[in-house]
Amino acid sequence: MAAMTVREVLYMYSVARQAYDRFLPVCGSPEKAQNAVALLVWLDQGTISAIHHVPAMAPHAVAVVAEEANAVLECLRHQVPALPPIPLISGLCMQGGVRIEPGFFAFHQDLVVRGVAHFLDGAGKLVFDDRLHILLRRSETGLMVNTPELMAPYTSQPVAVPEDCRSMFITFSKGNALHREEIFQYFRQKWGDCVVRVLMEKTKGGHMPMYGRIIFKTEAIVKLVLNGERLVRISIGQRQIWLRKYVPRPTNATA
């Protein structure tokens with residue numbers, strides 16, 4: 001069977017792109033809009049087709065769906081997810097004959113995260129690429145022929161990215177550092193095999209580390225942890241850590 005082209009993938013996910021265009025003005029950041037779309041794409045299985053309703057929705061309803069989707073994703077990063085009601089998403093799923101309650105996402109959070117990350121690392125990179133969509137519109141209107149970029153074969157295998165792009169910088173309160181294994185197991189138990197390794201600050205004289213770095217297997221996990229925020233806080237046991245996107249510095253010393 002011949003591989004799908006980039007153009008065909010864009011057509012396949014045209015509704016997802018329309019939903020993204022509707023979410024973007026109300027989400028406040030591209031990352032939140034993309035994550036909301038990815039969650040609905042993951043839900044689009046069997047008779048469920050919630051995302052197909054989004055393009056024709058009233059602006060207020062679009063904002064509510066985006067808010068509910070992002071609330072689900074933000075809760076999943078916490079130790080004990082306390083998911084808020086999602087009446088509109090539940091109602092859209094019910095139109096397909098399937099009842100989806102907030103507890104569903106907490107119980108299946110490893111499947112949710114893997115599915116959402118798979119879309120973000122794969123087809124989502126095309127769906128959310130503004131330049132590709134400009135090329136597609138121009139080819140549809142006859143302003144240009146299909147470019148090599150649109151006719152290129154699509155592979156569902158995620159493109160390998162450098163470790164820096166899939167890393168997060170973590171900091172601790174003074175005297176409240178965690179062991180690297182605690183951080184590793186926290187994400188592994190919640191979201192499955194998503195962590196490569198955890199690095200900690202080198203210290204001397206028995207001092208506890210104040211910062212570290214966590215390297216995930218895919219860039220999408222970083223996006224899901226932050227969900228459009230610059231800095232997030234989570235609790236592991238009785239201690240808190242702060243996470244932000246890793247920005248490499250020449251003087252950084254972790255091991």
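Reader: At what angle do helix 2 and helix 3 pack, and how far apart are their axes?
Author: Two packed helices are described by the angle between their axes and the distance between the axes. Here helix 2 (residues 14–27) packs against helix 3 at about 140°, and the axes lie 8 Å apart. That makes helix 2 oblique to helix 3, since angles under 35 degrees count as roughly parallel, over 145 as roughly antiparallel, 65 to 115 as roughly perpendicular and the rest as oblique. Axes are lines fitted to C-alpha atoms, for helices over the stretch in contact, with angles from 0 to 180 degrees between N-to-C directions. Helices (H or I, at least four residues) and strands (E, at least two) are DSSP runs, numbered from the N terminus.

Before we go on, this is a predicted model, in which local features need pLDDT of at least 70 and side-chain atom pairs count only at pLDDT 80 or more, while totals for chains, interfaces and linings use all residues. Residues are numbered from 1 along each chain as its sequence is written, and side-chain values use heavy atoms, with hydrogens and water left out.

Reader: Which residues of helix 2 and helix 3 make the contact?
Author: Contact means heavy atoms within 4.5 Å. Helix 2 contributes Ala 16, Ala 19, Tyr 20, Phe 23, Leu 24 and Cys 27, and among the partners in helix 3 are Pro 30, Lys 32, Gln 34 and Val 37. By class, this contact of helix 2 with helix 3 has 12 nonpolar, one polar and one charged residues; Ala, Val, Leu, Ile, Met, Phe, Trp, Tyr, Cys and Pro count as nonpolar, Asp, Glu, Lys and Arg as charged, and the others, Gly among them, as polar.

Reader: How do helix 3 and helix 7 pack?
Author: Helix 3 (residues 30–43) meets helix 7 (residues 109–121) at an angle of about 115°, with axes 9 Å apart. That makes helix 3 roughly perpendicular to helix 7. In helix 3, the residues involved include Gln 34, Val 37 and Trp 42, and in helix 7 they include Leu 111, Gly 115 and Phe 119. The contact of helix 3 with helix 7 has 10 nonpolar, three polar and no charged residues.

Reader: Which residues have the most contacts inside the largest nonpolar core?
Author: In soluble globular proteins, nonpolar side chains tend to be buried together. A nonpolar core is a set of buried Ala, Val, Leu, Ile, Met, Phe, Trp, Tyr and Cys residues joined through side-chain atoms within 4.5 Å. The largest one here has 79 residues, and Phe 23, Val 37, Phe 105, Phe 187 and Phe 216 have the most contacts inside it. Leaving aside neighbours within four places in sequence, Phe 105 is in contact with residues including Leu 39, Trp 42, Val 72 and Val 112.

Reader: Is Phe 104 buried or partly exposed?
Author: Buried means under 20% relative accessible area, exposed over 50%, and partly exposed in between (1.4 Å probe, protein chains only). Phe 104 is found in helix 6 (residues 102–107), and at 27% relative accessibility Phe 104 counts as partly exposed.

Reader: How many residues of helix 12 are buried?
Author: Seven of the eight residues in helix 12 (residues 219–226) are buried. One of them is Glu 219, at 18% relative accessibility. Not counting residues up to four places away in sequence, Glu 219 touches Asp 121, Lys 125, Val 161, Cys 165 and Arg 166.

Reader: What comes just after helix 12?
Author: Asn 227 comes there, with a positive phi of about 45° although Asn 227 is not a glycine. Asn 227 sits in the loop between helix 12 and strand 4 (231–236), and is buried, with a relative accessible area of 0%.
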